[in-house]
Amino acid sequence: MSAATHDATYPTRRRISTETKASVKTTELIAYVAAVIGVLIASAVVDASDFGAQEAWFYVTLLTIGYMVSRGLAKSGSRDFYDDDQDGRATHQA
């Protein structure tokens, strides 16, 4: 059996990993978006003297910093593995 026949019949697969899952695949993003919407709705509903736009955007900034830190921690320690065929097609594995 020649090498060309072997390669055509049995494609080579490599095990590759990305740093972590995409952010849209995580529940962190859903929680972040819900919290931001909650803060902005609360600031719109209550009296501006109690909880105005300045305080709301300050809390949104804090939520954003927290989300960015959590994504950084997630990226530092996890991997998303998938197989890459010889012809360049990626097959994701759970």
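Two residues are in contact here when heavy atoms of each lie within 4.5 Å. With that in hand, welcome to a quick tour of this predicted model. The chain has 94 residues, of which 18% count as buried, and its secondary structure consists of three helices and three strands.

**Overall layout**
- Following the sequence, the elements come in the pattern α-β-α-α-β-β.
- If you take the contacts between residues at least 6 apart in sequence, 69% of them join residues at least 24 apart.
- The accessible surface of the chain is about 7000 Å², and carbon and sulfur atoms account for 62% of that area.

**The nonpolar core**
- Seven residues build the largest nonpolar core: Tyr32, Val36, Val39, Phe51, Ala56, Val60 and Tyr67.
- Helices α2 (27-45) and α3 (53-77) are the elements that give two or more residues to this core.
- As a general background, nonpolar side chains tend to be buried together in soluble globular proteins.

**Aromatic residues**
- There are three aromatic pairs in the structure.
- One aromatic cluster is formed by Phe51, Phe58 and Tyr59; Phe51 is also one of the residues of the largest nonpolar core.

**A closer look at Ser43**
- Ser43 is part of helix α2.
- Its relative accessible area is 16%, so Ser43 counts as buried, the cut-off being under 20%.
- Beyond its neighbours within four places in sequence, Ser43 is in contact with Phe51, Gly52 and Ala56.
- Among these partners, Phe51 and Ala56 belong to the largest nonpolar core.

Terms used
Residues numbered from 1 in each chain as written. Predicted model: local features only at pLDDT ≥ 70, side-chain atom pairs only at ≥ 80, totals over all residues. Heavy atoms only, no water. Phe/Tyr/Trp six-rings, centres within 6.5 Å; stacked < 30°, edge-to-face > 60°. Core = buried A, V, L, I, M, F, W, Y, C linked by side-chain atoms within 4.5 Å. Buried < 20%, exposed > 50% of the residue type's maximum accessible area, 1.4 Å probe, protein only. Helix = DSSP H or I, 4+ residues; strand = E, 2+ residues; numbered from the N terminus. Areas by Shrake-Rupley, 256 points an atom, 1.4 Å probe, with all protein chains shown as cover.
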